[in-house]
Amino acid sequence: MICASQKVQACEKEIQAFNYDSKCYSDQLTIIEYDVQEGDTLLDIANRFHVSIQNIVEWNGLENEDLILAGQTLRVR
């Protein structure tokens with residue numbers, strides 16, 4: 001149960017319960033792309049953007065998670 005003026009964790013920041021934060025909501029819908037740099041691994045990229053390797057694989061339709069190339073653009077959110 002959430003009570004009025006209780007704080008909850010949402011979108012990596014605290015907001016008051018029942019206080020709609022449109023910026024927070026729209027940030028979750030934003031697609032973020034990343035250009036792979038020389039030496040990057042999916043693990044590095046996943047950790048940087050706080051997502052799983054499996055998410056990156058699915059979002060980008062990667063058939064071989066061990067093969068990414070510098071200059072390749074990946075969706076990371």
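**View 1. Asparagine 55 sits in helix 3.** In this predicted model, asparagine 55 is partly exposed, because its relative accessible area is 26%. Now look along the chain to valine 76, which lies 21 residues away from asparagine 55 in sequence.

**View 2. Arginine 75 lies over the face of tryptophan 59.** Which ring does arginine 75 lie over? The ring belongs to tryptophan 59, and the distance to the ring centre is 5.4 Å.

**View 3. Twelve residues form the largest nonpolar core.** Its members are Tyr34, Val36, Leu42, Ile45, Ala46, Val51, Ile56, Val57, Leu62, Ile68, Leu74 and Val76. Two elements, helix 2 and helix 3 (residues 53–60), each give two or more residues to this core. Which helix gives the most? Helix 2 does, with three residues. As a general guide, nonpolar side chains in soluble globular proteins tend to be buried together.

**View 4. Alanine 46 is a buried residue of helix 2.** Helix 2 covers residues 42–49. Is alanine 46 buried or exposed? Alanine 46 counts as buried because its relative accessibility is 2%, and the cut-off for buried is under 20%. Leaving aside residues up to four places away in sequence, alanine 46 touches Val51, Ser52, Ile53 and Ile56. Arginine 77 is 31 residues from alanine 46 in sequence, and their C-alpha atoms are 9.9 Å apart in space.

**View 5. Isoleucine 68 touches several residues from other parts of the sequence.** Which residues does isoleucine 68 touch, not counting those up to four places away? They are Val36, Asp40, Thr41, Leu42, Ile45, Leu62 and Leu74. Isoleucine 68 is also a member of the largest nonpolar core.

**View 6. Aspartate 40 and arginine 48 meet in a salt bridge.** How many salt bridges does the count give? The count comes to one. The side chains of aspartate 40 and arginine 48 form this pair, with 3.9 Å from N to O. Aspartate 40 counts as buried because its relative accessibility is 15%, whereas arginine 48 is partly exposed, with a relative accessible area of 42%. In general, side chains of opposite charge can pair when their charged atoms come close.

**View 7. Histidine 50 lies in the loop between helix 2 and helix 3.** Its phi is near 55°, a positive value in a residue other than glycine. Histidine 50 is exposed because its relative accessible area is 66%, and the cut-off for exposed is over 50%.

**View 8. The protein chain has three helices and four strands.** Starting from the N terminus, you can follow the elements in the order β-β-α-β-α-α-β. Of the 77 residues in the protein chain, 21% are buried. Among contacts between residues at least 6 apart in sequence, 39% join residues at least 24 apart.

**View 9. Over residues 1–23, pLDDT stays under 50.** For residues 1–23, the model has 25 contacts beyond four places in sequence. Where pLDDT is low, the predicted coordinates should not be read in detail. The protein chain averages a pLDDT of 76, and 62% of the residues score at least 70.

Note on methods: Residues numbered from 1 in each chain as written. Predicted model: local features only at pLDDT ≥ 70, side-chain atom pairs only at ≥ 80, totals over all residues. Heavy atoms only, no water. Buried < 20%, exposed > 50% of the residue type's maximum accessible area, 1.4 Å probe, protein only. Contact = heavy atoms within 4.5 Å. Salt bridge = Lys/Arg side-chain N within 4 Å of Asp/Glu carboxyl O. Core = buried A, V, L, I, M, F, W, Y, C linked by side-chain atoms within 4.5 Å. pLDDT = per-residue confidence, 0-100. Lys NZ or Arg CZ within 6 Å of the ring centre and 35° of its normal.
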